[in-house]
Amino acid sequence: MGPGTTAARAKRALISVTSLLALVPAAKSETWTYGVDVGVGATDNVSLVPTDQVRQTMATADLDFALQQQGPRLDTDLKGNFTYLDFLQHAYSGELLGRFDGLAHLALVPGRLTWALQDDFGQQQLNAFEAPTPANLENVNYLSTGPDLKLPLGSTGFLDLSGRYGRTQYQTSPFDNNRVFASLAWGLSLSARSSVSLDGNTEHVLFDNTALNTDFDRSSGYVHYELHGARTELVANLGATELNQGSASRSGPLIALELTRKLSPAAKLTLKAGQELTDASTSFSALESGAMGAISIAPAALTSNNYTSTYASVGWDYERDRTTLALSARSAKDTYEGQSSLDNSLSGGELKLNRKVTRALSAELLGSLYYTDYTHANYKTEDGLVGAALTLREGRGLEFRLRYNHVSRVATGIGTGFRENIAFLTIGYRPQQLLSRDLPGDGR
């Protein structure tokens, strides 16, 4: 896919989203932030190799946005972060990198029947054992849509039914697939803020290329509990999943826990842990960034087969008028039955500190360290990043920004390490205020 085609598709997608939102009735509440910038950058190792490094200058254009809207007919949650790089000495073709996650619910019958549309777009590595250069990335898009029906049962009971059609497309990997998903939840509202239910779902996945991939059916049953308190939010699932793929079948536990606790007006703690049977497309759709909030590149999809994912993460966010601090740590292990050479584990953490030095000048520090281990493939890496940025604001939204990152990889086994220093100087526009309407208070 050429850079012109990629840029044109991204432009058409943004125009389509903007046109759709223009037709939506005024929302009860809306928060909208965005930023755009252009600039130049330089790297001392564009190919991410251990020796014979090649320097490169780049032109860049960046766009990020976040829209959360609640209206009488439409609820939306859209987040995007994109960078277009033009390599001026032609080390690579122009490259659009970024991540978009969007979810919209349109009320067909308010309070009863809605139609959902979800789209997740981004990049993933092609080869897990090579550096993430533009030549080792591909675009992936996951789209799903379908109805949600909510039926009350008496004064406290409820029955929820959902159906989805999904389509996953890979730019290069032969894993394109269609999927049909259905779910049912029968439950009881314990209070205005808590509920418990018995949930079941089933998913049928059909691959375009059946010579390399095997269609599968995956079904789950579990107990689901939700609590949405003034300071605490808890979502918990406990059950099991059964997988049927070709002539083989197996089952495994389904455990998911997500706890968010507001420790103070400035601090929030988030905990997640679980174990599940999943596949590469589903994992790509649920990909999350750490404390740095950087563009997330998904790990390579080495197979379309299901695997057991065991994970745990913790995040701490602190925000005051002049200082924001975010810390995160995670551990994950993927186990492939009958394909032990693909088994891998990941552990590490991230840090992001931002401080307003003056009304116009702010400073930022970044850091991350991750360990990856493909034990049976003789591949281990230690990936580190240290970065800093200075931002000067002029007027209502004009920004001048200088940022620098030092990236390093120490590899053992079949891998190779590298070091890279990369810097960008950009000028952009980012309004400081959130745009909002019909919100209590000032909406900040």
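Tryptophan 32 is partly exposed, with a relative accessible area of 27% (partly exposed sits between buried, under 20% relative accessible area, and exposed, over 50%, using a 1.4 Å probe and protein chains only). The structure here is a predicted model, in which local features need pLDDT of at least 70 and side-chain atom pairs count only at pLDDT 80 or more, while totals for chains, interfaces and linings use all residues. Residues are numbered from 1 along each chain as its sequence is written, and side-chain values use heavy atoms, with hydrogens and water left out.

Now for the rings. The structure holds 13 aromatic pairs (rings of Phe, Tyr and Trp, the last by its six-membered ring, pair if their centres lie within 6.5 Å; planes under 30 degrees apart count as stacked, over 60 as edge-to-face and the rest as tilted). In one of them, the ring centres of tryptophan 32 and phenylalanine 65 are 6.4 Å apart and the planes meet at 40°, so this pair is tilted. The pair links distant parts of the chain, with tryptophan 32 in strand β1 and phenylalanine 65 in strand β2, 33 residues apart (helices, H or I with at least four residues, and strands, E with at least two, are DSSP runs numbered from the N terminus). Phenylalanine 65 has a relative accessibility of 12%, so it counts as buried. Tyrosine 34 and tyrosine 429 make another tilted pair, with 6.2 Å centre to centre and 50° between the planes. This one also links distant parts of the chain: tyrosine 34 belongs to strand β1 and tyrosine 429 to strand β20 (residues 418–429), 395 residues apart. Tyrosine 34 is partly exposed at 26% relative accessible area, and tyrosine 429 is partly exposed too, at 38%. Put together, Trp32, Tyr34, Phe65, Phe100 and Tyr429 form one aromatic cluster.

Charged side chains come next. Side chains of opposite charge can pair when their charged atoms come close. The structure holds 17 salt bridges (a salt bridge is a side-chain nitrogen of Lys or Arg within 4 Å of a carboxyl oxygen of Asp or Glu). One of them joins aspartate 279 to arginine 179, with the closest N and O atoms 3.1 Å apart. Aspartate 279 lies in the loop between β13 (267–278) and α2 (280–285) and arginine 179 in strand β8, so the pair ties together parts that are 100 residues apart in sequence. Aspartate 279 is buried, at 2% relative accessibility, and arginine 179 is buried at 2% as well. Aspartate 383 and arginine 409 form another salt bridge, and here the closest N and O atoms are 2.7 Å apart. Aspartate 383 sits in strand β18 and arginine 409 in strand β19 (residues 398–413), so parts that are 26 residues apart in sequence get tied together. Arginine 409 is buried, with 12% relative accessible area. Arginine 393 and glutamate 399 also meet through their side chains in a salt bridge (2.8 Å, N to O). Arginine 393 counts as buried at 14% relative accessibility, and glutamate 399 does at 15%. Both belong to a network of salt bridges that links Asp64, Arg393, Glu399 and Arg430.

The loops have something to show as well. Most residues other than glycine have a negative phi. Leucine 48, however, has a positive phi near 55° without being a glycine. Leucine 48 is placed in the loop between β1 (29–43) and β2 (56–70), and is buried with a relative accessible area of 12%. Asparagine 378 also has a positive phi, of about 55°, although it is not a glycine; its loop runs between β17 (361–374) and β18 (379–394). Back in the loop between β1 and β2 comes asparagine 45, buried with a relative accessible area of 0%. Its side chain reaches the backbone oxygen of valine 49 at 2.9 Å. Leaving aside neighbours within four places in sequence, asparagine 45 is in contact (heavy atoms within 4.5 Å) with Gln53, Val54, Phe418, Arg419 and Glu420.

Last comes the surface. Leu151, Leu153, Leu161, Leu184, Trp186, Leu198 and Val223 make a nonpolar surface patch of about 600 Å² (patches are made of residues with over 30% relative accessible area and no salt bridge, like charges being joined within 9 Å and nonpolar side chains, Val, Leu, Ile, Met, Phe, Trp and Tyr, within 5 Å; accessible areas come from the Shrake-Rupley method with a 1.4 Å probe, and for residues only the protein chains shown count as cover). Strands β6 (137–153) and β8 (177–191) each supply at least two residues of this patch. Valine 223 lies in strand β10 (residues 216–228) and counts as partly exposed at 40% relative accessibility.

Technical notes:
Polar contact = N/O pair within 3.5 Å; in protein donor to acceptor, adjacent residues only side chain to side chain.
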